[in-house]
Amino acid sequence: MGHFIRSSKMSVLFSLRGKKKKKEKDSRRENMKDSLLDEDEAAVPEGCMAVYVGAEMRRFVIPTSYLRLPLFRVLMESAADEFGFDQVGGLRIPCDEEDFTELLKTTKKTMKNSRKTFFLAGLSVTNGWASSAPNLQRNLGILSSEEIGLAMMLLREGQKHLFDHWPEPGVDDKRKKGFFDQVAQLNANYPGGLASYIQNARKLLADSKAGKNPYDGFTPSVPTGEVLTFGNDNFMMLEEAGVREARRAAFVLVAGGLGERLGYKGIKLALPSETTTGRCFLQHYIESILALQEASCRLVQGQCEAEIPLVIMTSDDTHESTLLLLESNYYFGMKTTQVKLIKQEKVACLTDNDARFALDLNDKYKIQTKPHGHGDVHALLYSSGLLNSWQSAGLKWVLFFQDTNGLLFKAIPASLGVSSTKGYHVNSLAVPRKAKEAMGGITKLTHTDGSEIVTNVEYNQLDPLLRATGHADGDVNCETGFSPFPGNINQLILDLGPYIKELSKTQGAIAEFVNPKYKDSTKTSFKSSTRLECMMQDYPKSLPPSAKVGFSVMDKWLAYAPVKNKPEDASKVPKGNPYHSATSGEMAIYKANCLILRKAGVHIADPVTDIFNGQEVELWPCITWSPKWTSTFRDVKRKVGECCSISQRSSMIINGQNIFLDGLSLDGALVVNANDQAEVKVTGYVQNKGWALEHVDYKDISIPEETRIRGFKVCKIEQLEINYADPGKFCFKS
Ligand SMILES: O=c1ccn([C@@H]2O[C@H](COP(=O)(O)OP(=O)(O)O[C@H]3O[C@H](CO)[C@H](O)[C@H](O)[C@H]3O)[C@@H](O)[C@H]2O)c(=O)[nH]1
């Protein structure tokens, strides 16, 4: 590598082809300009620029792509500052023609060999830029040119504090390099790099400090959408339409969140959705998708070999455990090629309104990072190329869903049916919402210019928005006992074609927000570091008014029972509001199954109430079935005959595709297992001691965490278990 430092100070000037010269202000610029004017600008080919070097103004023509190299660009930019040019930069570096020629040679090579270092020799020339961070300046010798480029960017963006504690070269050099590895990664992961991230953050933090309403100019009102009634003819028609479409769908599960509110150490996808079978959320989701796939193929004529793709968005917090869960369970029956994991990266945490990065408390060479939110899913899907491959394969729908909603697949067929019959580009699934419940409200926003959008207003923004627009009480229930705004459960169904079209404009970037928790009303410091975030449901916000955006409202008991809150928090939820805990999530599954069977004609006893981990819940018979038993209500009705009854203390597990209940009277526990080729009718009176729920305390650490967070364990005292492993037609009569 050549050595660029010479005693003689010379100037380099460059001009971009076709740019007009501005009026020069100082004499040095005047001199240079004179020389430049003699040059034949037209001779500079497209994509190149002319650079004038040294006292003689020797002309070099170089590709403008060189500007992509961080240091080269930084030097050009600082020169532009120095000379006051806007588009035409001047560069004054102490080098001579020979050095510059060498610099170009190396640049050329670097551009070819991509990101190798090349500017090292020139660095000491411009060391002045680091004088504001003396500890960094002393360490420049140990850094590569790429690292220097990043360091320059950090200083330019007000991050010099990151180097305050750096010791002399020779001490912790490896960790210093590690610091830049992380900076390079953070820089590469954010569109526009860290400089854009910091600039966006400063703007959003200033808006937040000023109390700026993100919905300024908009008036909220209650939108109208499709309201579905479980089990009526319309519902069954929509379910059938949805199942038909399912073979042209892809599912996307966002599962990068750690679930801090639940306080569970593992990944939420590995939690049992209910404990009679112990089926975890991921197993339940995969089996539900496979069941839909089969049901969809059965509906269409001729050969159907659809394999519904499943994409799981993970993060560093969840990736390894998710992969392990899949691999150690043979992907729960799904082909490995059907499942793709895409990992979102975290973003830098910010300590103050100037968007200064927070250093990790345990490692001063590491910037603290946090997840950027589920909105990352759009950019990742776009950049992965999956969307285009799905389109080429003839797919039409993309369904997004979250990590812990054991009821969701009961609502999917009908809501997909709504999308296909209404031709919605975007369909959000919603349920009645209790005021202040931690779910966004689907809201119609009318702008002062007359334009309208129907979108999610997040739960922490709905109350201030309502108060700011003349609703003095803010987010409150209306006479129905619910908020008038339907609650968004973050199950989105997008039409793939318009989705791809929109993403090719935005590359999947979603508007960000920041939510700092201030120490006091001066809003100058934060209780803990914050970061920029984005939400997947904000996707429709950028759509043109012509986009067909709708939503479908379903009963809450049917569609929504997430597991998000730890027992101590759930027990403090105001009476009548949902707990969203492991306890309520499991109880909701039993309740929904009972209500579905009731609607199909089974006599099911009323529930009793009980208290687990301080939460009062309805205790219905513990009935579960494997997803392949049924994907639609019509199918349930087909499989349930006359005169069935189930007592309150009963439990039942139906595990098989062709199991029919007919004249069954159950008072105890019954487990029916049958392979897909066995058709089994279950009838008669089954009575035994059954299963009981034994109370456990969440504070009792001798009990496994996944059990104690729900406050009970299932004690299997006595049951009748019948198994059919062979094909054939069978009737079991007790
Ligand atoms: O960076 C992240 C953050 C979250 N998630 C995933 O996104 C989903 C939702 O995360 P949370 O459960 O933390 O979401 P919230 O409860 O804050 O709220 C979201 O879910 C609610 C319903 O459950 C409402 O719909 C609300 O409007 C919506 O923002 C989870 O599957 C989580 O794993 C990610 O993949 N990456």
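Ile-659 stands opposite Val-680 of strand β32. The two strands concerned, β30 (residues 659-667) and β32 (residues 678-687), pair in the parallel sense over seven bridges. Strands here are DSSP runs of E with at least two residues, helices are runs of H or I with at least four residues, and both are numbered from the N terminus. Two strands count as paired if DSSP finds at least two bridges between them. Strands of a sheet pair through backbone hydrogen bonds, either parallel or antiparallel.

This is a predicted model, in which local features need pLDDT of at least 70 and side-chain atom pairs count only at pLDDT 80 or more, while totals for chains, interfaces and linings use all residues. Residues are numbered from 1 along each chain as its sequence is written, and side-chain values use heavy atoms, with hydrogens and water left out.

The pair β30 and β32 belongs to an open sheet of five strands in the order β24-β28-β30-β32-β36, with parallel pairing. Its edge strands, β24 (603-604) and β36 (728-733), each pair on one side only.

Another open sheet has four strands, ordered β27-β29-β31-β35, and its pairing is parallel. At its edges are β27 (622-625) and β35 (720-724), each of which pairs on one side only. On average, neighbouring strands of this sheet are turned by 5° against each other, direction ignored. Axes are lines fitted to C-alpha atoms, for helices over the stretch in contact, and angles run from 0 to 180 degrees between N-to-C directions. β27 pairs with β29 (residues 651-655) in the parallel sense over four bridges, and Trp-625 has Ile-654 in β29 as its bridge partner. Helix α19 (residues 582-599) packs on this sheet, touching β27 and β29, and its direction makes about 80° with that of β27. Contact means heavy atoms within 4.5 Å.

Helix α15 (residues 459-468) has Leu-462, Asp-463, Leu-465 and Leu-466 buried. These residues lie on the same side of α15 because they cover an arc of only 170° around the axis, the arc being that of the directions from the helix axis to the C-beta atoms. Buried means under 20% relative accessible area, exposed over 50%, and partly exposed in between (1.4 Å probe, protein chains only). The buried residues of α15 pack against β5 (218-221), β16 (426-433), β17 (441-447), β18 (452-457) and β19 (483-495). Just after α15, Gly-470 takes a positive phi of about 95°.

Ser-552 is placed in strand β23 (residues 549-553). Ser-552 counts as buried because its relative accessibility is 0%. Leaving out residues up to four places away in sequence, Ser-552 touches Glu-226, Ser-415, Val-418, Asn-427, Ser-428, Leu-429 and Ala-430.
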